[in-house]
Amino acid sequence: MKAKSPDALKQFLINQVLLDPNRLENERLEKELSYISRERVNNPIIYVGMGTCGLIAGAGKTFKAIQEYIDDHGIDIELIKGGCIGLCSAEPIVDIQLPGKSRISFGNVKQDKVQYLLDEILNHNIPDLQTIGQYKNDISQPWEGINPIFDHSFFSGQQRVLLDNCGLIDPVSVEQYIARGGYWAFADTISSLTPKGVCQLIEESELSGRGGGGYSTGKKWANTLKTFSDQKFLVCNAVESDPGSYMNRVIIESNPHRLIEAVIIAAYAIGATKSFIFIRQEFKLAIERLEKAIENARGYGLLGHHIFDSGVNIDIIVKRGARAFVCGEETALNNSIEGKRAMPESKPPYPSEKGLWNKPTIVNNVETLFNIPLILKNGPDWFKKTGTDNSKGTKLFTLSGKVKNYGTIEVPMGTTFRDIVWKIGGGTSGKQKFKAVILGINSGNYITKKNLDNRIDYEELKSIGTSLGSGGFVVIDESTCMVDLAKYFTNFFKNESCGKCIPCREGTARLLEIMEVVTQRPGKNNHFQSLERFKGVMQLRSLANVMRDTSLCALGKSAPNAILNTLNNFKEEFDAHIFERKCPANVCRDLRVFSIDVDLCTGCTACYKKCPVDAIIGSARHPHFIVEEKCIGCGLCYDACKFNAVLIQ
Amino acid sequence: MPPSIDSILERFPNKQREDLIPMLQEIQDEFGFLSEEIINHVGAYLSISVNKIYGVATFYDNFRFGPTGRFHIRLCHGTACHVAGASTFIQELEKQLKIKSGETDKEGLFSLEVVSCVGACGLAPIIEINGEYFTQLTSEKLNDILQSFRIKDQDIYES
């Protein structure tokens with residue numbers, strides 16, 4: 001097939017694909033689209049997974065090495081900066097597709113392996129490197145002896161609907177996105193559906209907000225559509241400041257056009273002409289790709305005035321957040337867009353009635369929006385097929401921590417936690433045993449061993465006293481101290497509290513004070529500290545409960561969760577810290593006491609030299625001793641000893 | 001006042017309150033931090049009191065009011081990094097560089113910032129120095145990295 005000029009391609013994609021209602025019956029079109037979407041290729045094509053996690057793992061250097069190889073050999077190869085397929089543990093990932101052959105995916109391709117990889121593969125040999133798998137389809141010949149990629153244990157337990165294009169396409173290319181069925185839903189919507197019809201369809205699909213609230217998206221939209229106002233706004237919340245969850249960033253980086261399509265459909269559905277995508281400033285790559293994609297979409301007339309002669313005007317403005325955790329709260333986020341401090345406000349009135357500049361404003365999370373084009377394209381019944389009675393569709397998680405396979409995953413609602421940790425994650429990575437899953441990171445929801453067979457479902461999680469939260473899924477093992485972790489969360493909330501309401505501002509500070517004295521050794525002759533410690537321990541639970549009941553926004557309400565959960569699920573660890581002043585996992589530095597095993601010590605003086613406070617005494621070739629009163633528990637001696645002679649008590 | 005500040009301000013012809021944060025972000029991207037002089041200038045341009053601008057700018061963690069070092073260290077302290085032992089590295093960096101998080105050392109060589117999550121949790125613990133990432137840190141790696149930057153600085157100085 002001959003390549004079209006950019007202008008001809010644009011006219012073709014708009015007139016014969018987006019605006020043609022009979023496109024599905026046209027077989028010839030399908031073939032043409034498969035060339036545009038690069039499912040069929042005339043020349044070899046190479047994708048390098050260049051999401052942020054890929055780049056951190058060294059994909060930038062790999063890309064450069066491939067570019068140099070192509071330049072040196074003068075071969076006609078299309079090299080594309082791709083997105084992230086989700087398997088972060090195999091980054092940098094390089095996909096190669098030769099004409100007529102299936103696309104094949106290699107993991108851990110550092111720059112030094114590039115030459116060997118390309119030498120072999122361009123001669124149709126499979127190099128002796130880590131292969132993740134190949135993408136099988138009807139139009140290309142498969143490689144022998146290579147498994148289909150979706151048979152990989154990481155992918156086989158997933159149902160990839162939102163992630164379908166991620167890692168497979170050139171993220172910013174509007175052509176590839178349209179050729180794969182993108183913007184079709186939008187083109188059909190503005191030509192054949194009323195805003196009310198869109199709201200009804202979404203309500204029928206039972207899609208609920210993925211930002212943590214879980215409220216029906218369709219109902220929320222319908223209420224705003226009914227409200228009379230000269231101006232309405234749609235805001236996409238892409239703040240995602242919860243440490244440990246980054247799936248929204250991954251889908252924006254890898255498939256920004258789907259977000260744009262969703263935003264313009266949502267804006268159309270509620271009657272908004274202006275929409276904001278509020279995104280964290282640190283997501284530099286996501287911002288860059290989003291802006292580029294918006295520019296490309298604008299070139300196709302998908303944004304702006306009078307879109308496709310329908311009389312619909314929609315514009316998107318990308319706003320960079322200036323880093324404040326509380327911006328994830330919708331009223332705080334609106335204040336930040338208005339150029340004020342991101343302080344939350346008490347509700348009601350909800351933003352859907354009085355939001356940005358007191359106009360009706362819908363705030364939707366990225367993941368919620370990502371579902372919208374798919375629901376409109378495939379129908380609400382298609383969406384309802386996946387999931388449980390109470391929760392429909394799929395859910396994204398960022399799987400990390402002590403598991404073998406980590407990355408961004410998508411599972412149908414109703415999957416059990418056990419399946420995610422062992423089937424997809426491949427089990428714990430270290431020698432230690434599984435301890436818990438931290439779900440929703442900073443809301444401090446723990447899934448312990450006894451809850452592993454619970455399903456991911458709004459109602460079921462509520463019944464065990466937790467919620468989905470932000471989508472971070474950190475697996476921890478026995479080497480983590482839960483009290484130390486609770487202290488970490490409390491410290492985070494203390495730093496991020498906006499300070500508007502007293503329960504949160506003073507409560508987080510006091511909680512941290514208590515957690516600090518619990519994880520410290522008593523100072524010398526410091527009776528006052530003992531009393532404070534006793535008082536604090538007594539107050540802990542009631543203080544946490546008061547904060548949860550009286551704080552203004554979700555930040556203050558969820559701040560004490562980590563402590564309450566630890567008290568409920570890991571009480572014995574708290575007891576060990578409080579009564580025995582011991583840290584069972586040996587994490588809390590101040591509680592560690594070191595000693596030296598006289599039989600194992602060879603007197604090599606390595607520990608003696610490292611000790612910063614001269615707490616180790618002894619001479620060369622004779623066993624050393626640690627003076628307990630002087631020791632600060634830094635553990636340098638423990639790390640320095642090659643003979644395992646330093647013991648932690 | 002350098003000429004480029006006016007060119008940044010000109011990009012916001014509507015002079016509205018909502019322009020404040022993007023404006024400060026662009027200025028900081030250009031100059032590295034927000035000086036008193038710049039804030040006065042922005043206040044005059046937008047007709048917003050300087051107190052209010054400081055009120056907004058100090059609320060957000062992104063804004064700095066002093067220059068960073070030649071090597072700006074950003075240490076990730078997300079949950080996955082914490083579980084992998086990032087807090088040890090904070091203490092170690094603070095001890096070695098003799099500065100606290102958010103400060104710059106006396107020679108203006110290193111500045112340290114603890115950030116909440118860079119989003120590559122699988123490779124924890126992570127630090128970033130001037131855009132270059134170092135993953136799966138250990139104490140030895142950290143020492144080598146700092147040393148390599150000290151040497152790099154000397155090379156620049158001597159050349």
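Residues are numbered from 1 along each chain as its sequence is written, and chains are lettered from A in the order in which they are written. In this predicted model, local features need pLDDT of at least 70 and side-chain atom pairs count only at pLDDT 80 or more, whereas totals for chains, interfaces and linings use all residues; side-chain values use heavy atoms, with hydrogens and water left out.

Chain B contains 7 helices and 4 strands, where helices (H or I, at least four residues) and strands (E, at least two) are DSSP runs numbered from the N terminus. Along the sequence these elements follow the pattern α-α-α-α-β-α-α-β-β-β-α, and the C-alpha trace of chain B spans about 50 × 40 × 25 Å along its principal axes. Of the 159 residues in chain B, 52% are buried, that is, under 20% relative accessible area with a 1.4 Å probe and protein chains only. Among the contacts in chain B (heavy atoms within 4.5 Å) with a separation of 6 or more, 58% join residues 24 or more positions apart.

The contact between the two chains takes 39 residues from chain B and 45 residues from chain A. The area buried between them is about 3500 Å², of which carbon and sulfur atoms give 54%; buried area is the accessible area (1.4 Å probe) that two parts lose on being put together, summed over both. Between the chains there are 2 salt bridges, each defined as a side-chain nitrogen of Lys or Arg within 4 Å of a carboxyl oxygen of Asp or Glu. One salt bridge is formed by A:R320 and B:D29, with the closest N and O atoms 3.1 Å apart. Several elements of chain B, including helix 4 (50-59) and strand 2 (110-115), each supply at least two residues of the side that touches chain A, and the largest share, 6 residues, comes from helix 2 of chain B.

In chain A, strand 10 (residues 394-401) pairs with strand 11 in the antiparallel sense over 6 bridges, pairing being assigned if DSSP finds at least two bridges between two strands. The two strands form a hairpin with 5 residues between them, and A:L396 has A:E410 in strand 11 as its bridge partner. Because 6 of the 6 residues of strand 11 (residues 407-412) of chain A are buried, this strand is largely enclosed by the rest of the structure.

How values were computed. Buried < 20%, exposed > 50% of the residue type's maximum accessible area, 1.4 Å probe, protein only.
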